[in-house]
Amino acid sequence: MSSYSRITGTGSYLPPRRVTNDDLAKELATRGIETSDQWIVERTGIHARHFAAPEVTSSDLALEAARHALEAAGRKAEDIDLIIVATSTPDMVFPSSAAILQNKLGVAGCPAFDVQAVCSGFVYALTVADAMIRTGTARCALVVGAEVFSRILDFNDRTTCVLFGDGAGAVVLEASEEPGILASDLHADGKHVGILCVPGHVSGGNVLGTPLLHMDGQAVFKLAVRVLEDAARATLAKAGKTEADIDWLIPHQANIRIMEGTAKKLKLPREKLIVTVNEHGNTSAASIPLALDEAVRSGKVKKGETVMLEGVGGGFTWGAVLLNL
């Protein structure tokens, strides 16, 4: 049994189709809905996002991100003894996208399951994988966030359809004698279900209710900034650290105002905030590992540095993880 778990490789994947704000504005105009690049950027910081082709599933995106993470870790798929996929847009009602990913990787036998915590999903999944490694249940885990949120967007609602995109990010998390994951803090409050949800469900071969995303943007914004600060401070306290120990803040990439607001509350300069929402949009459970991989591969975030990951999403769920890379 090892004392710690540590990220040994990161990977990500974006579908080839890049949709700019101008592209989206033109598409919405055909529906009689007005928006513009300026309107979207001022409210969200988003300039573009990626949409998957109709036949592409979350597990397809996860597969590419997983391959990149395995390569970075110097591992083969056969080395993995745990697969967790965080997603709110699974390939099927069941089986899990993790089981489907396992098959696409050409391996079998290890546990594979999905975690559904919406935009907090990757933080939840990473915490679960860390716990399983610390207890000796696994030694080499593949943790993935993958989403095709374009499938559940209401393109008649400009307040939500401009926000989201598709993509996947992954990490390989391995048993280590050196501290990697330092602490985590997870929460949920079901009384906020209605402010961010997709309320439809399958019954008798039909979808009952709406299968499209609904969000009360004002309510989400107010709650997000508060709980993200609380989770970050609780995680620091568990690790015996302070804000000054954070080299990089990688929040869920939902909205630049929420992200900057959280950094300000933690007294972190804008330069320590990793931002990819401008090019990716909100990719839900994929956003944190996507941003982490981009920051690592660009050389911005380096081995040995201390990183705070934090997410907030429908449920309402929220949480944070502090780690040494």
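**Close-up views of pockets, salt bridges and helices**

**View A. The lining of the second largest pocket draws at least three residues from each of domain 1 (4-176) and domain 2 (181-324).** Domain bounds come from an automatic or database domain assignment. The model is predicted: local features need pLDDT of at least 70, side-chain atom pairs count only at pLDDT 80 or more, and totals for chains, interfaces and linings use all residues. Residues are numbered from 1 along each chain as its sequence is written, and side-chain values use heavy atoms, with hydrogens and water left out. A pocket is an open set of points on a 1 Å grid over the protein atoms alone, where a 1.4 Å probe fits, with protein on both sides within 12 Å along at least five of seven lines. Lining residues have an atom within 4 Å of a point. The second largest pocket has 27 lining residues. Leu 163, Met 215, Gly 217, Asn 255 and Arg 257 lie nearest its centre. Its volume is about 530 Å³. Here a volume is the space filled by probe spheres set on the points, and grid points are joined across faces, edges and corners.

**View B. Helix α7 (217-239) supplies the largest share of the lining of the second largest pocket, six residues.** Helices (H or I, at least four residues) and strands (E, at least two) are DSSP runs, numbered from the N terminus. At least two lining residues come from each of α2 (37-44), α6 (158-161), α7, α8 (256-265) and β14 (306-313). The lining has 14 nonpolar, nine polar and four charged residues. Nonpolar covers Ala, Val, Leu, Ile, Met, Phe, Trp, Tyr, Cys and Pro; charged covers Asp, Glu, Lys and Arg; the others, Gly among them, count as polar.

**View C. The largest pocket holds about 810 Å³ of space.** Both domain 1 (4-176) and domain 2 (181-324) give residues to its lining, so the pocket lies between them. The lining comprises 28 residues. Ser 88, Thr 89, Pro 90, Ile 152 and Val 198 lie nearest the centre. Strands β5 (112-115), β9 (196-197) and β10 (201-203) each supply at least two lining residues. By class, 17 are nonpolar, eight polar and three charged.

**View D. Arg 17 and Glu 27 form a salt bridge.** A salt bridge is a side-chain nitrogen of Lys or Arg within 4 Å of a carboxyl oxygen of Asp or Glu. Side chains of opposite charge can pair when their charged atoms come close. In Arg 17 and Glu 27, the closest N and O atoms are 3.9 Å apart. Arg 17 sits in the loop between β1 (4-13) and β2 (18-20) and Glu 27 in helix α1 (residues 21-29), so the pair ties together parts ten residues apart in sequence. Arg 17 is partly exposed at 46% relative accessible area. Glu 27 is also partly exposed, at 29%. Buried means under 20% relative accessible area, exposed over 50%, partly exposed in between (1.4 Å probe, protein chains only). The count for the model is 15 salt bridges.

**View E. A network of salt bridges links Glu 229, Arg 233, Glu 243 and Lys 265.** Within it, Glu 229 pairs with Arg 233 at 3.1 Å between the closest N and O atoms. These two residues are four apart in helix α7, separated by about one helical turn. Glu 229 is buried, with 17% relative accessibility. Arg 233 is partly exposed, with 30%.

View F. Asp 293 is buried at 3% relative accessibility. Eight of the eleven residues of α10 are buried, so the helix is largely enclosed by the rest of the structure. Among them are Ile 288, Leu 290 and Leu 292. Gly 299 follows α10 and has a positive phi, near 85°.

**View G. Phe 122 is found in helix α5 (residues 121-134).** Phe 122 is buried, at 0% relative accessibility. Its C-alpha atom is 9.1 Å from that of Glu 310, which is 188 residues away along the chain.

View H. The C-alpha trace spans about 60 × 45 × 40 Å along its principal axes. Of the 325 residues, 56% count as buried.
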